Amino acid sequence: MKPIVIALALGLTAGAATAGESAAEPALGTGELARLFAEMPPGDAENGAALHQEYWCSSCHGPSGAAQSRNYPSVAGQVESYTYKVLQDYRAHRRSEGDGRSALMVASVQKLTNQELADLAAYYASQPRPAPSGPKAKLSEATLALITKGDPQRLLTPCASCHGADGAAGVRPETPALAGLEAEYLEHTLLQYRSGARANDTAKGMRFFAQQLTEAEIKELAAYYAGLGE
Amino acid sequence: MTRISRRNLIAGALAGSASLSAPMLWAQGAAHRVVILGGGIGGATAAKYIRMINPEAEVTIIERDRTYYTCPRSNDVITGVLDLDTITFDLSSHRNNYGVKTIYDEVVGVDFDAHLVRTADGSDVPYDRLIVSPGVDLMIDQVEGHSHQAAETVMPHGWKAGPQTMNLRRQFLNLRPGGTVVIVAPPNPFRCPPGPYERASMMADHFRHHNPTAKVIILDPKNKFTKQGPFTKGWERLYGYGTENALLEWVPEEQGGGVISVDPETMSVETAAGTFKGDLVNVIPPMQAGRLAKALGLTNETNWCPVDQATFASTLAPDVHVIGDSCIAGAMPKSGYAANSQAKMLAHVIRSELQGQPLPVPSFANACYSLVAEDYGVSIAAIYAVNEEGKIVSTAGGVSAIDDKPNRPVLEAVYQKNWHRTFAADVFS
């Protein structure tokens, strides 16, 4: 007798997205963004850990925030204020890329309070950053220059000036750490910023840059940041 | 000449010279021929998975209708949340992507000895293995006072999605302000155990926003139902259940909810608890195995199809398997998910048998998501195995917790919608 796992198999995963996505609300203005962070309550990481379990966050983002599949991004080690802001964006329908994928996150945080969002953000920030999700990427000189020097011709500031020299720190509270994130996720995100589908960045803070990038540059950048980390 | 026994002949006279080619093909060792009666969730899943894991098999679905409407999410169509398009599917992907043959016709008989299916146009379709997946038959005549004519017009069941769904939808969306909907729930066992309660919930959700003085009453010949705890908690939270102004009422058998008779003339339902008049009366009759299963002699005294629960082989006919709502599958409910799970197992069983391999160790799953409101979901899930007595038993499972985590039902509602989308893709794309 050979064992067969029919499982909750193939294509039957309920968490896969879509359904009921509404058009995105506009991104926060600069003043609103400043107020959001000024009013952010101090997070309780312990309660965040409990929420992470209670609301099944772990089923996509991994037992402690490091995703175990390439379908969902890791959130462990992420900048606390960034996570808080993104969860706020989901709750208020500011993150809605039109492909249905945000519906699950919108529902996940719909009934959570500001305190609970801060607790989750604190919990993820307290977890170790994900290990590199890919090999250390070899960068072309031109792309390395993009990261370290920017491109004055295209009015591009260096990536590192906001995301940190090691891709691990956000200089501004709304800037995420990128090191070790999944290359597919990074590429997808940049493409969505470029097309304008993702539009929750205040004052087009990321859309503006992404729109200047070529597809080849996006691929290289994604592979580079995926390969960073301890 | 092929002999088709009287017992197995449903209708139509037999032409004298049935095809001789079938046994010859068999003798020549042609590809394994699997014929599937019914292209619903069970049949369509079986066809696709047999072709996926055993590409040498020749698979033919014989189905009466060219279009299939999933019962899952048909309650959303009734209450106007979804259009019929969302739950409409067909077998074109089976033909184009999986090489499944389709015959759109009625089946008039099966010769179990000669392994032939006769269709209404007189063709004989040979098989090595026959899969019968005909769903349920609604016993409208079992409801005193009810008639097929009334079921098609003023007292629809909405328990086979399609025109029945649209009939209910028309009546529901035209309900007068302050109107009453009466849902007559069926006795066990029946297709989609949470269905009547989800339907009532979705109606109450609609009333909450559009017709706040209307009401839905469930008349039930039973005293309990699936996911009762999470359902009633949701009703209390959303619809004032148990209070004087409840948008939804449930009258169990012990309170006289069992229906004695219905009267389509006066749109009323007679019960031990009194006469209930409805502006809309939705009578969901008792059920039995699909008519085809019964006509083929595949049912026993329970009116359902007995099978070996490890292989779904009929105990009443050789080389025939019955899956889905029609079969007796131990602890598994009559759900689309269950039919899908059984069909996948059967694909392995048939491959093993036809290739002379050891049989698979059976394992099944079922999950049912229901909406208590558009953004409030509840669920039940279980894993099944076959025990030493050959019965399907649940080995693990659970129901939505009733707790004070307000975001869980919101998430479960998203899961329900995503489940339908991915499930339909699993079956039909």
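This is a predicted model: local features need pLDDT of at least 70, side-chain atom pairs count only at pLDDT 80 or more; totals for chains, interfaces and linings use all residues.
## Helix H2 of chain A

Helix H2 of chain A spans residues 45–54, and its buried residues are A:Gly48, A:Ala49, A:Leu51 and A:His52. Viewed down the axis of H2(A), these buried residues fall within an arc of 165°, so they line one face of the helix. In general, an α-helix has 3.6 residues a turn, so residues three or four places apart point the same way. The face of H2(A) turned away from the buried side carries the exposed residues A:Glu46 and A:Gln53.

Just after H2(A) comes A:Trp56, whose phi is positive, at about 60°.

## Packing of H2 in chain A

By residue class, the contact of H2(A) with H6(A) divides into six nonpolar, four polar and two charged residues.

## Two domains in chain B

Chain B is divided into domain 1, made up of the segments 6–64, 105–137 and 288–358, and domain 2, which covers 140–287. The C-alpha centres of domain 1 of chain B and domain 2 of chain B lie 35 Å apart. The contact between them takes seven residues from domain 1 of chain B and six residues from domain 2 of chain B. On the side of domain 1 of chain B that touches domain 2 of chain B, the residues divide into two nonpolar, two polar and three charged.

## Backbone features in the loops of chain B

The peptide bond from B:Asn188 to B:Pro189 is cis, with omega near -10°. B:Pro189 is placed in the loop between strand S11 (180–184) and helix H7 (195–210) of chain B.

B:Arg73, although it is not a glycine, has a positive phi of about 75°, and this residue lies in the loop between strand S3 (68–69) and helix H3 (74–78) of chain B. B:Arg73 is buried, because 24 other C-beta atoms lie within 10 Å and the cut-off for a buried residue is 20 or more. B:Asn303, likewise a residue other than glycine, has a positive phi near 70°, and is found in the loop between helix H9 (291–295) and strand S19 (307–308) of chain B. With 15 C-beta neighbours inside 10 Å, B:Asn303 counts as partly exposed.

## Surroundings of Asp105 in chain B

B:Asp105 sits in the loop between strand S5 (101–104) and strand S6 (107–111) of chain B, and with 17 C-beta neighbours inside 10 Å it counts as partly exposed. Leaving aside neighbours within four places in sequence, B:Asp105 is in contact with B:Ile62, B:Thr119, B:Ala120 and B:Asp121. B:Asp105 and B:Ile61 are 44 residues apart in sequence, and their C-alpha atoms are 10.0 Å apart in space.

Key: Residues are numbered from 1 along each chain as its sequence is written. Chains are lettered from A and ligands numbered from 1 in the order in which they are written. A residue is buried if 20 or more other C-beta atoms lie within 10 Å of its own, exposed if 12 or fewer, and partly exposed in between; C-beta atoms are placed from the backbone. Helices (H or I, at least four residues) and strands (E, at least two) are DSSP runs, numbered from the N terminus. The arc is that of the directions from the helix axis to the C-beta atoms. Ala, Val, Leu, Ile, Met, Phe, Trp, Tyr, Cys and Pro count as nonpolar, Asp, Glu, Lys and Arg as charged, and the others, Gly among them, as polar. Domain bounds come from an automatic or database domain assignment. Two residues are in contact if their C-beta atoms, placed from the backbone, lie within 7 Å.
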